[in-house]
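User: Hi! I'm new to this one and would like a friendly walk through it. Could you show me the structure before we start?

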Amino acid sequence: MVFRKPPDGGWGWVIVVVSFFTQFLCYGSPLAVGVLYLEWLDVFGEGKGKTAWVGSLANGIGLLASPVCSICVSSFGARPVAIFSGFMVAGGLMMSSFAPNIYFLYISYGIVVGLGCGLLYTATVTITCHYFDKHRGLALGLISTGSSVGLFIYAALQRELIDLYGLDGCLLIVGALSLNILACGSLMRPLESSDSPPPEKTCVDKVPEQYFVYHEKEKTVEENISILEKGYVDEKCANNVPDYKPDSILNKNVLSSININEKDTYKKKVVEQTNFCKQLAKRKWQLYLNYWEETMVLFKNKVFSALFVAILLFDIGGFPPSLLMEDVARSANINEDDYHMPLISIIGIMTAIGKLTLGILADFKWVNTLYLYVTTLLMTGVALFAIPFAKSYLTLAMLSGVLGFLTGNWSIFPYVTTKTVGIEKLTHAYGILMFFAGLGNSLGPPIVGWFYDWTQEYDTAFYFSGFCVLLGGFLLLLAALPCWNACTNQSSKLPPNTYSYKVASSA
């Protein structure tokens, strides 16, 4: 399919609005799961590492399934996927209100809700990138703030609903609110195809390839049938039986012709079905091989290879604070009178500001988006190292704000991916990267929780988290250095649709 040039406006702004509310409704509860995490600890009495799996699965399983989500969006379109995923998110939240144990939550809240969120995230990002080119950074920043605003509101909303209706009532109400995703998804109109259609195919080109195969097979069948008929006539002539009447001979010829036509039709159908299955299997196998060949080409790009390592390590270390910060404050014995606002809400509102700010910065021509992303990684690592030294609500609130703002680099991650591999390979590459991001999201909170179960304090856990993020940032920085581009240009040309950050820094 050939899409026309992105309009950078018009219905694209409607797409931005509905994508914003889609991420607001689907990610509000999973990102603010830290409030529910404290309740699940008290209700089920399990360890911190075991209970943290619920929230980590909800935020990670959708990203782990990103390759599948990308295939679904490419095959069915953003609108059908968004509507179907709305049912998944709402149903998973409502099912979670009846959870008898923590293992049921792994499926209902972790897998069902998480997979629905992953499908919705891929759909909103993909359709937004199709509608915007020049203002893509701003558009992605706006829609990604939906999840952050959802985190800010749902953190306070879920706490209030728990006080009024209990944990079960809270999940039922939040699930009912998620049904509004269906209305948002119905407005995700796909980008119209190009007004200038591709050149008309010739009559021969319009004929499917299977026709030529079937035609050859049919011809063979017809030849075989004619040979059989000829043999049958020759045999009759040799026997020379003159006793039959003309009527009986005519009737027998008609019956023989009918039988031959039936056999002819049956054999043709068998040949057609057999060859169709063979051709279909060959084409599916070729598509499979092409997918892996394209994947290998992507990993030959040093920046892309470093990017997937960085996103994995970043999510292992950078995601746990949004889930466990409330428990960190409770473990530090902070006075409730000083607790003016939930720390998760602070992370949420600052993440929204960070996504919008970084998205706007990415649209400036003099800003190198890769180096901007690397800077956020390095600063996040430093902030994580500082958490063990925070012993008051004020310091924890400040660090929560800094971490929230830096986590806003999610808004420029699709932008960086697009500039790295090109818009044509965005869906493929983004699905792979989101798989590793989901792996990091799934492993990060349980690892931090296990560190606490072993040591009965969070200090060691956050030292480990900070080290992971810093390591990923330094690896990505090394891969993006201009000297590598110079060496590559001298040895060989870059593959098609790759992005040279040395050139892009001034473009």
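User: Happy to start. What should I know before reading any values?

Analyst: This is a predicted model, where local features need pLDDT of at least 70, side-chain atom pairs count only at pLDDT 80 or more, and totals for chains, interfaces and linings use all residues. Residues are numbered from 1 along each chain as its sequence is written, and side-chain values use heavy atoms, with hydrogens and water left out.

User: How many helices and strands are there in the chain?

Analyst: The chain has 21 helices and zero strands. Both are DSSP runs numbered from the N terminus: helices are H or I with at least four residues, strands are E with at least two.

User: And how much of the chain is buried?

Analyst: Of its 507 residues, 48% count as buried. Buried means under 20% relative accessible area, exposed means over 50%, and partly exposed is in between, using a 1.4 Å probe and protein chains only.

User: What about the surface?

Analyst: The accessible surface of the chain is about 24800 Å², and 66% of that belongs to carbon and sulfur atoms. Such areas come from the Shrake-Rupley method with a 1.4 Å probe; for residues, only the protein chains shown count as cover.

User: What share of the contacts join residues at least 24 apart?

Analyst: It is 85%, counted among contacts between residues at least 6 apart in sequence. Contact here means heavy atoms within 4.5 Å.

User: OK, on to the inside. Which residues touch the most other members of the largest nonpolar core?

Analyst: Those are Leu36, Trp40, Tyr109, Tyr373, Met434 and Leu476, in a core of 128 residues. Helix 6, residues 102-131, gives the most to this core, with 14 residues. A nonpolar core is a set of buried Ala, Val, Leu, Ile, Met, Phe, Trp, Tyr and Cys residues joined through side-chain atoms within 4.5 Å.

User: Why does the core lie between the two domains?

Analyst: Because domain 1 (1-193) and domain 2 (273-484) both give residues to it. The domain bounds come from an automatic or database domain assignment.

User: Where is Gly60?

Analyst: Gly60 is in helix 3, residues 48-64, and is buried at 0% relative accessibility. Setting aside neighbours within four places in sequence, Gly60 is in contact with Gly438, Asn441 and Ser442.

User: Changing topic: how many disulfides does the count come to?

Analyst: The count is zero, where a disulfide is a pair of cysteine sulfur atoms within 2.5 Å. Cys26 is in no disulfide, and the nearest cysteine sulfur, in Cys117, is 4.3 Å away.

User: How many salt bridges does a search of the whole structure find?

Analyst: One. Lys50 forms a salt bridge with Glu46, and the closest N and O atoms are 3.5 Å apart. The rule asks for a side-chain nitrogen of Lys or Arg within 4 Å of a carboxyl oxygen of Asp or Glu. Lys50 is partly exposed at 27% relative accessibility, and Glu46 is partly exposed at 29%.

User: Last topic, loops. Where is Ile387 found?

Analyst: Ile387 is in the loop between helix 15 (369-386) and helix 16 (393-407), and is buried at 3% relative accessibility. Leaving aside neighbours within four places in sequence, Ile387 is in contact with Pro321, Met325, Leu399, Leu403 and Phe462.

User: And what about Gln456?

Analyst: Gln456 lies in the loop between helix 18 (426-455) and helix 19, and is exposed at 53% relative accessibility. Gln456 has a positive phi of about 60° although it is not a glycine.
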